[in-house]
Amino acid sequence: MFSNAIRLFVLDGFEIKLDPSWFFIAGLITWTLSSQYFPTTLPGETGPTYLVLAIIATLGLFGSLLLHELAHSVVARRFGVRIKAITLFLFGGMAELENEPPSAMSEVWIAAAGPALSIVLGLAFLVLSGISQAIGIPEPLTMVLAYLATINLILAIFNMVPAFPMDGGRILRAYLWHRNGDVLKATKTASQSGVFFGYVLMALGVLAMLQGGIGSGFWYVLIGLFVLGAAKSAYQNQLMQSTFAGKPVSAVMIRNPVVVSPELTLSEFVNQVMLKHRISFAPVVADGVLIGQIDKDVLAVIDRDNWTNTRVGDVFAGLDVAATIPPDMPVDALMTQIAQTGARKFLVVEDHRLLGVVTLTNLIGHLHATDKTTARVW
């Protein structure tokens, strides 16, 4: 997800990364705190003082976000959930889970760990600010502690909104999952709450901009778009896991696909195969042996006037190892291969025999079929 993230260090076995977008938000927060927040709450100080306080507060904020995500990660690891990395980015921090929680109860514990730690941090900073004020520590540092106390409590409250994939939305999903026993249906409903919350945030942002709050309104809209996209993406990921989990390629491939002989002319291939069967490619088979494939990209480089006297056998593409897969290959492994290579069609082969074909289109068709079934029974 964060392909350009910078690796900072490893903490307790977790890789900590920094996405380039972090520099933008860190700079914006520092500027806002130094030019608006601290001059308002602590008048009479110099510009450099406000800047130093803003830098300390910004680092404290992102340190708190990192601890929030670490809390999720430590608890997730206890339940056997692997964590790819913890990344700080434009919208805060994110622990990238490699697999979903094994049960509804584990989901609750993992989701609640972050807000719980944020509440603890908020109360700790609140106590420290009170103590520092009582013992006469300079007021600027007391104000930084008070800011961190407030921001951590706000972070905890915001994350507990029941909008998936936020922490509160994950707890909502866990409840629905426990009640009905179907994680996909629970994810669908919880993600719909995330979509709704995303639209609400965007509407509030537009309203704020219409009333003159351009900056705050813009951020509401931006955060709303992020929540909206994350909610939809989370459901799609769960849909793929539920649809393809434990299934081999042979369970989803198109059996008995249309094949062509190398003796066929390109004109015959287009009229009798592509147009008739509405397909964009076909395996090439000679005497029962798969020898390659031909698709519209091959046709595109050959002048149409030569189609009638050019045979498929003259121009077909030979077998590409990357495009041939075994029937027992897990579908989720194939999805990973598609994401990494961008390939959209594969030949399912065993002992040089063509068993079927798999295309991105027919995989999406399986997802849509599962999604419709979920919608009918939910």
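Are Arg170 and Glu107 buried or exposed? Both Arg170 and Glu107 are buried, where buried stands for under 20% relative accessible area, exposed for over 50%, and partly exposed for what lies in between (1.4 Å probe, protein chains only). Before we follow this pair, a word on the model: it is predicted, so local features need pLDDT of at least 70 and side-chain atom pairs count only at pLDDT 80 or more, while totals for chains, interfaces and linings use all residues. Residues are numbered from 1 along each chain as its sequence is written, and side-chain values use heavy atoms, with hydrogens and water left out.

Arg170 and Glu107 form a salt bridge, with their closest N and O atoms 3.4 Å apart. The pair ties together distant parts of the chain, since Arg170 sits in helix α5 (residues 167-180) and Glu107 in helix α3, 63 residues apart. The term salt bridge here asks for a side-chain nitrogen of Lys or Arg within 4 Å of a carboxyl oxygen of Asp or Glu, and by this rule there are 12 of them. Helices (H or I, at least four residues) and strands (E, at least two) are DSSP runs, numbered from the N terminus.

Let us look at two other bridges. Glu15 pairs with Arg7, the closest N and O atoms being 2.7 Å apart; Glu15 is partly exposed at 23% relative accessible area, whereas Arg7 is exposed at 52%. Asp297 and Lys296 also meet through their side chains, at 3.8 Å from N to O. Asp297 counts as partly exposed at 48% relative accessibility, and Lys296 is partly exposed with a relative accessible area of 48%. Returning to our opening pair, salt bridges with shared partners join Glu100, Glu107, Arg170 and Arg173 into one network.

Next come the nonpolar cores. In soluble globular proteins, nonpolar side chains tend to be buried together. A nonpolar core is taken as a set of buried Ala, Val, Leu, Ile, Met, Phe, Trp, Tyr and Cys residues joined through side-chain atoms within 4.5 Å. The largest one has 27 residues, and Trp22, Ile25, Ile29, Leu33, Phe38, Phe62 and Tyr147 touch the most other members. At least two residues of this core come from each of α1 (21-41), α2 (47-78), β3 (83-89), α3 (104-134) and α4 (139-159), with α2 giving the most, seven residues. A second, separate core holds 19 residues, including Ile325, Ile338, Val348 and Leu363.

From C-alpha to C-alpha, Thr32 and Ala54 are 8.2 Å apart in space, and 22 residues apart in sequence.

Our last stop is the second largest pocket. Its lining comprises 18 residues, with Ile279, Ser280, Phe281, Lys345 and Thr359 nearest the centre. A pocket is an open set of points on a 1 Å grid over the protein atoms alone where a 1.4 Å probe fits, with protein on both sides within 12 Å along at least five of seven lines; lining residues have an atom within 4 Å of a point. β6 (281-286), α9 (296-300), β11 (353-359) and α12 (360-377) each supply at least two lining residues, and β6 has the largest share, three residues.
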